[in-house]
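Trainee: I'm new to this one and would like to learn how to read a helix. Could you walk me through it?

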Amino acid sequence: TSTGGFQLSDNQKQSLIDLGLDPAMVPSYVSVAQEACFVSVLGEVRVGEIRAGAVPNTMEFLRAKACI
């Protein structure tokens, strides 16, 4: 596990907007608390992939939207 949260790439931010998130709500940085929420919803392996630059798919976005 990592600590400190992580930065979202422009591609990841755009994908969240494309999936329907209000652009004003798209974070540039994922906090430690948000990351912990994502791990509880998506699992540590997938969050690690997203941290490394993977773009969440629609189902992942819907499941993790409450974390944002």
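Mentor: Gladly! Let's begin with α2, where Q34, E35, F38 and L42 are buried. Keep in mind that this is a predicted model.

Trainee: Why do the buried residues of α2 line one face of the helix?

Mentor: The general idea comes first: an α-helix has 3.6 residues a turn, so residues three or four places apart point the same way. In this case, the buried residues of α2 fall within an arc of 100° when seen down the axis, so they line one face.

Trainee: Which exposed residues does the face of α2 turned away from its buried side carry?

Mentor: That face carries V32, A33 and S40. As for the buried residues of α2, they pack against β1, β2 (29-30), α3 and α4.

Trainee: Which residues of helix α1 are buried?

Mentor: In α1 (residues 10-18), the buried ones are Q12, K13, S15 and L16. They cover an arc of only 160° around the axis, which puts them on the same side of α1. D10, N11 and D18 are exposed on the other side. The cover over the buried residues of α1 includes β1 (6-7), α3 and α4.

Trainee: And how should I read a nonpolar core?

Mentor: In soluble globular proteins, nonpolar side chains tend to be buried together. Here the largest nonpolar core has 13 residues, and F6, L16 and F38 have the most contacts inside it. At least two residues of this core come from each of α2 (32-42), α3 (44-51) and α4 (58-64).

Trainee: What does L16 touch, leaving out residues up to four places away in sequence?

Mentor: L16 touches L8, L21, V26 and F61.

Notes. Residues numbered from 1 in each chain as written. Predicted model: local features only at pLDDT ≥ 70, side-chain atom pairs only at ≥ 80, totals over all residues. Heavy atoms only, no water. Core = buried A, V, L, I, M, F, W, Y, C linked by side-chain atoms within 4.5 Å. Buried < 20%, exposed > 50% of the residue type's maximum accessible area, 1.4 Å probe, protein only. Helix = DSSP H or I, 4+ residues; strand = E, 2+ residues; numbered from the N terminus. Contact = heavy atoms within 4.5 Å. Arc of directions from axis to C-beta.
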